[in-house]
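User: Hello! I am new to this one and would like a friendly tour. Could you show it to me?
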Amino acid sequence: MKKDLFIRKEYGHIEIMLKPYMDQKKITRNALARAIDTRFEVIDKWYHGHVEKIDADILARICYVLDCKPGDIIEYVTTDK
């Protein structure tokens, strides 16, 4: 039986850009957390771009409150070589 090595490829990453959008809308992390009925820590992770897994429900609530689209706060960044 032949064993294959797993080769990790550079395929890019997702950047969360909630901070500039919140600053533009003049809304605080506390206010957004209350508005979407979630914990401050959840919004703080989004605010600082430290989201490990994107929760579609949280994203939908953020977009509803900020009147934006997911593409306004999430960007796919490729690693061109």
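Predicted model: local features only at pLDDT ≥ 70, side-chain atom pairs only at ≥ 80, totals over all residues.
User: Which residues line the largest pocket?

Analyst: Residues are numbered from 1 along each chain as its sequence is written, and side-chain values use heavy atoms, without hydrogens and water. A pocket is an open set of points, on a 1 Å grid over the protein atoms alone, where a 1.4 Å probe fits, with protein on both sides within 12 Å along at least five of seven lines; lining residues have an atom within 4 Å of a point. Here the lining is V42, K45, W46, H50, V51, E52, K53, D55 and I58.

User: Which helix gives the largest share of that lining?

Analyst: Helices are DSSP runs (H or I, at least four residues), numbered from the N terminus. Three residues, the largest share of the lining, come from α3.

User: At what angle do α3 and α4 pack?

Analyst: Helix α3 covers residues 40–47 and helix α4 residues 56–66, with axes (lines fitted to C-alpha atoms over the stretch in contact) 12 Å apart. Angles run from 0 to 180 degrees between N-to-C directions, and 65 to 115 counts as roughly perpendicular, which is how α3 lies to α4. The angle is about 80°.

User: What is the mean pLDDT of the chain?

Analyst: Of the residues, 88% reach 70 or more. The chain's mean pLDDT is 90.

Notes:
pLDDT = per-residue confidence, 0-100. Helix = DSSP H or I, 4+ residues; strand = E, 2+ residues; numbered from the N terminus. Parallel < 35°, antiparallel > 145°, perpendicular 65-115°, else oblique.
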